[in-house]
Amino acid sequence: MSNWGIKMSEIDFQKTAKKVLEIERSGLASLEQYINDDFNQACELIFKCTGKVVVMGMGKSGHIGRKIAATLASTGTPAFFVHPGEASHGDLGMISRQDIVLAISNSGESNEILALIPVLKRQHIALICMTKNPASSMGKAADFHLCIKVPQEACPLGLAPTTSTTAMLVMGDAIAVALLEARGFTAEDFALSHPGGTLGRKLLLRVSDLMHTGKNIPNVMKQATLQQALVEITRKKLGMVVICDEEMQIEGIFTDGDLRRVFAMNIDLNNAKITDVMTAGGIRVKPDMLAIDALNLMQHHHITSLLVAKADTLIGVIHLHDLLQSGII
C-alpha cells in the first residue's frame, strides 16, 4: 500500500467523512422496518427471562456484542459476553438453561457460532440471532431473528464492517431501552450499577454520609458569650456555630458572615451574648436528603452550611466543602 505521489491538497477528508455519515444515516433509517413482531417477541422473551442474556459474536460483531451486553447489564437486564471460540473450549459451561443467547453475525454464517447451536438446542436454551439475512443458517436456527440488513457499507470497498456494525449497535440499544422502559427502570436503579460514576454519587450520596456529627459539630449553649462562640468556630473550622439548649434543640446559627455584620453594630464585643447576635432558626435538612439536593439548596440561599436535624434536634452539620469534595459535581 503506497501513498507516493498523492498531495495532501488533493485529499478531501471532510467530504469523505460526510459521505460516511450520509451512508450510515441512510442505513439506520432502513433499520426501522425491522422493528417488527420478531423484535417484540424477542424483547418479551428477554423480559421474562429468569437467567441472563448471553451475547456472542466474532470479530467486529464481537466488539459490538460486548457493548450490547454492557448496555443491557447497566439498564436492568443481567447480561454478559461470551466469546464463541472460547465457548467451544469450556466457556459454554457459563450458560444455563435459564439463560438466553443473543448471537450476532452480519452474514449469519459464523462458523464459531454455528458450531455451538446444536448444543444450545439440545439444552433447550432460547436463541435470538441478529443478522442481515433471515434465511441464513443462524437466521433459520433462531427462535427469533432480528434483521440488521443495510443498503451498503460506508467502506468504499464494501469490505470493512461500518454501516452494518452501526446497525447492530443501534438494534442493541433499541432492545436495551425498550426493556428499560418495560421494567420501569429509574435513574436511582441506574446509579446502583454505577456507584463509581458522577451519576452514582449524585443519586446515592445522602447528607448523612457527609455530615459532621457528635463532637465535630460546632455548637455552643445559648448562654454562651460571643467570644466563646468565636473560639468554637475557630476550633471546628466550619465557619459557623450552632446555638442550642441542653437538649440540642436549635436556637439559631452564627457564621463568619454574621461576624462582619456584628462589627458594624457598635456593640460591646467583650460582653455580648451569642443570642444577641445570632440568626434565629437556621435552614435545616433531613439526614436522608440527597447530597446533590443539599448543594442546590445552599446555592439557592447563597449559604455554605446547613443544619441537619430531626424535628428541632440538631444531629449534624454539612458544609459546602464536604459536598464539593464528595465529587457530586
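A residue counts as exposed when its relative accessible area is over 50%. Lysine 237 has a relative accessible area of 71%, so it is exposed. The model is predicted. Lysine 237 sits in the loop between helix H12 (226-236) and strand E7 (240-244). Its phi is near 60°, a positive value in a residue other than glycine.

Histidine 302 is exposed too, with a relative accessible area of 72%. This histidine lies in the loop between helix H15 (291-301) and strand E11 (305-310). Its phi is positive, about 55°, although histidine 302 is not a glycine.

## Helix H2

Helix H2 covers residues 37-48, twelve in number. From its first C-alpha to its last, H2 reaches 16 Å, close to the 16 Å expected at 1.5 Å a residue. Asparagine 36 caps the N-terminal end of H2. A side-chain oxygen of asparagine 36 lies 3.1 Å from the backbone nitrogen of aspartate 38.

Which residues of H2 are buried? They are Phe39, Ala42, Cys43 and Ile46. Seen down the axis of H2, these buried residues fall within an arc of 100°, so they line one face of the helix. An α-helix has 3.6 residues a turn, so residues three or four places apart point the same way. Asp37 and Lys48, on the other side of H2, are exposed. The cover over the buried residues of H2 includes strands E1 (53-57), E3 (100-104), E4 (126-131) and E5 (144-147). Helix H8 (163-183) is also part of that cover.

## The nonpolar cores

The largest nonpolar core has 32 residues. Those with the most contacts inside this core are Leu72, Leu102, Met130, Leu146, Met171 and Ile175. H2, E1, helix H3 (59-74), strand E2 (79-81), E3, E4, E5 and H8 each supply at least two residues of the core. H8 gives the most, with six residues. In soluble globular proteins, nonpolar side chains tend to be buried together.

A second, separate core has 18 residues, including Val54, Ile95, Ile113 and Leu120.

What does leucine 72 touch, not counting residues up to four places away in sequence? Leucine 72 touches Val53, Thr77, Ala79, Ile175, Ala176 and Leu179.

Threonine 71 lies in helix H3. Buried means under 20% relative accessible area. At 16% relative accessibility, threonine 71 therefore counts as buried. Leaving aside neighbours within four places in sequence, threonine 71 is in contact with Asp173 and Ala176.

Definitions and conventions: Residues numbered from 1 in each chain as written. Predicted model: local features only at pLDDT ≥ 70, side-chain atom pairs only at ≥ 80, totals over all residues. Heavy atoms only, no water. Helix = DSSP H or I, 4+ residues; strand = E, 2+ residues; numbered from the N terminus. Expected span 1.5 Å × (residues − 1). Buried < 20%, exposed > 50% of the residue type's maximum accessible area, 1.4 Å probe, protein only. Arc of directions from axis to C-beta. Contact = heavy atoms within 4.5 Å. Polar contact = N/O pair within 3.5 Å; in protein donor to acceptor, adjacent residues only side chain to side chain. Core = buried A, V, L, I, M, F, W, Y, C linked by side-chain atoms within 4.5 Å.
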